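Here are some notes for a first look at this structure. Please read them with the sequence and the model side by side.

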Amino acid sequence: MNYQNEQSALDALYALAKEEQQRTKKQFLVWAGGDAPNQQDQLYQQFKKRFPGIDFEIIVDLSKYHDLKVYEQLNDGFLEPDVVMLQTMNDFENWKKMGVLEAFKPEGFEHIREGYSDPDGYFMGAFIFAFLPQYAKEGLDFVPTNYGDFLKPVFKDKLVLTPPHDDDAVLYVFDHIMKKYGEHYLDDLKKQNPTFVRGTAAPAALVGQKGFLGNIVGYPTYPDQPSQSFIPEDDFFITWPQRAAMFKLTKNKAIARLFLSYLASHEFQSSRGSWSTRTDVTELGGLKPLEQYKNTDPLDFIVWMRDRQHIHELREKFIAKFGPVKGESPLKDPRLFRVYYNTL
């Protein structure tokens with residue numbers, strides 16, 4: 001397929017973006033959901049290299065912190081970020097109803113999978129995220145295949161986990177686990193004496209280090225890591241389209257359109273090496289197309305996120321079982337910085 005039309009649109013938007021920044025002298029700002037300061041470094045470097053001369057910054061923080069600031073600032077009639085990319089998909093639907101989003105359909109928008117984006121262009125599915133269980137490459141005499149395997153004796157005192165009640169996506173996974181294994185899974189998990197570490201990045205990085213052998217809700221891994229992730233054979237796993245949008249209060253609208261267009265482009269989507277929000281991008285690394293996995297559904301998480309009462313009740317259940325979340329934000333804890341930047 002010829003993507004010259006997308007490249008031409010990006011070139012035209014780039015020219016407008018440079019003109020806008022020369023005129024306004026305002027830095028372009030993106031707020032991205034995440035729990036480690038380096039999680040958007042790759043995107044930052046890609047955009048800087050592809051569009052030199054654009055002064056911009058990506059600030060990573062927990063989506064549940066970013067969205068509160070957005071609501072507060074909207075209430076006061078101003079907004080710091082030009083674009084937000086968050087896990088809290090229900091917020092985008094709320095913001096559309098509030099009439100505060102700026103509609104924009106970039107070139108290639110029609111290739112984004114159905115249900116990921118707003119059909120009117122008020123927000124779009126920017127990229128696919130997934131959580132997968134992980135196990136250490138050394139220290140085990142078997143290969144786990146499902147969540148039940150993490151209750152085996154070898155994992156006692158050796159699990160490192162994100163507190164489920166600190167992250168909606170992790171909580172979603174445990175909701176599905178309880179639907180299959182029953183709520184007694186939590187009692188059995190508690191007996192394993194897991195170590196809870198805030199954020200999802202640090203627990204994922206720690207598997208295979210410091211004596212930790214497993215993580216129930218981890219990250220897809222790379223070959224040089226001391227751990228291996230896997231897609232459960234007969235258990236549900238989470239995938240979701242992280243959403244992105246610009247606002248009517250966005251100051252750098254030309255750059256915002258360029259940024260959203262780049263996220264939606266075949267050029268960017270095919271560079272990620274994982275599942276794509278687009279239907280015309282071929283998966284790499286031995287992955288099958290997302291629709292061929294019958295044990296995940298990116299749209300299900302979107303529906304689940306709308307039921308805030310259910311999520312509140314689940315949080316209360318986990319607080320009662322494991323206690324309140326402890327520790328500093330993973331974006332502010334200096335001990336976790338050493339994990340993020342591989343300086344253990």
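Is Lys210 buried or exposed? Lys210 counts as exposed, because its relative accessibility is 63% and the cut-off for exposed is over 50%. The model is a predicted one. The points below start with this residue and then move to the helices.

1. **Lys210.** Look for Lys210 in the loop between helix H7 (201-206) and strand S8 (214-218). Its backbone deserves a check. Lys210 is not a glycine, yet its phi is positive, at about 55°. Most residues other than glycine have a negative phi.

2. **Lys25.** Lys25 is not a glycine either, and its phi is about 60°. Lys25 lies in the loop between H1 and strand S1 (28-33). With a relative accessible area of 68%, Lys25 is exposed.

3. **H1 against H8.** Helix H1 covers residues 4-24 and helix H8 covers residues 253-264. Their axes are 8 Å apart, and the packing angle is about 150°. The two helices are therefore roughly antiparallel, since angles over 145 degrees fall in that class. H1 and H8 cross in a left-handed way. From H1 come Leu10, Leu13, Tyr14, Leu16, Ala17, Glu20 and Gln21. From H8 come Lys253, Ala254, Ile255, Arg257, Leu258, Ser261 and Tyr262. Sorted by class, this contact holds 9 nonpolar, 2 polar and 3 charged residues.

4. Which residues of helix H2 (residues 41-50) are buried? They are Leu43, Gln46 and Phe47. These residues lie on the same side of H2, because they span an arc of only 95° around the axis. Gln45 and Lys49 are exposed on the other side of H2. The buried residues pack against strand S2 (56-61), strand S3 (83-86), H8 and helix H9 (266-269).

5. **His66.** This histidine sits in helix H3 (residues 63-76). His66 counts as buried, because its relative accessibility is 1% and the cut-off is under 20%. What does His66 touch, not counting residues up to four places away in sequence? Its contacts are Trp31, Ala32, Gly33, Ile59, Val60, Asp61 and Leu86.

6. **His312.** Compare the setting of another histidine. His312 belongs to helix H11 (residues 308-322). Its relative accessible area is 40%, so His312 is partly exposed. Tyr135 is 177 residues away from His312 along the chain. The C-alpha atoms of the two are separated by 30 Å.

7. **H4 against H10.** Helix H4 (residues 89-98) packs on helix H10 (residues 298-306) at an angle of about 65°, and their axes are 8 Å apart. That angle makes H4 roughly perpendicular to H10. The crossing of H4 and H10 is right-handed. On the H4 side the contact uses Met89, Asn90 and Glu93. On the H10 side it uses Phe301, Ile302, Met305 and Arg306. The residues of this contact comprise 4 nonpolar, 1 polar and 2 charged.

8. **H5 against H10.** H10 has a further partner, helix H5 (residues 168-181). Here the angle is about 100° and the axes are 11 Å apart. H5 and H10 are therefore roughly perpendicular. H5 brings Asp168, Ala169, Leu171, Tyr172, Asp175 and His176 to the contact. H10 brings Asp300, Phe301, Trp304 and Met305. By class, there are 6 nonpolar, 1 polar and 3 charged residues. Phe301 and Met305 of H10 take part in the contact with H4 and in the contact with H5.

9. **Leu189.** Finish with a residue of helix H6 (residues 184-191). Leu189 is buried, because its relative accessibility is 1%. Leaving aside neighbours within four places in sequence, Leu189 is in contact with Leu151, Leu159, Leu161, Phe174, Pro194, Ile216 and Phe322. How far apart are the C-alpha atoms of Leu189 and Gln22? They are separated by 56 Å, and the two residues are 167 residues apart along the chain.

Technical notes
Residues numbered from 1 in each chain as written. Predicted model: local features only at pLDDT ≥ 70, side-chain atom pairs only at ≥ 80, totals over all residues. Heavy atoms only, no water. Axes fitted to C-alpha atoms, helices over the stretch in contact; angles between N-to-C directions. Helix = DSSP H or I, 4+ residues; strand = E, 2+ residues; numbered from the N terminus. Parallel < 35°, antiparallel > 145°, perpendicular 65-115°, else oblique. Left-handed = near helix turned anticlockwise from the far one by under 90°. Contact = heavy atoms within 4.5 Å. Nonpolar A, V, L, I, M, F, W, Y, C, P; charged D, E, K, R; others polar. Buried < 20%, exposed > 50% of the residue type's maximum accessible area, 1.4 Å probe, protein only. Arc of directions from axis to C-beta.
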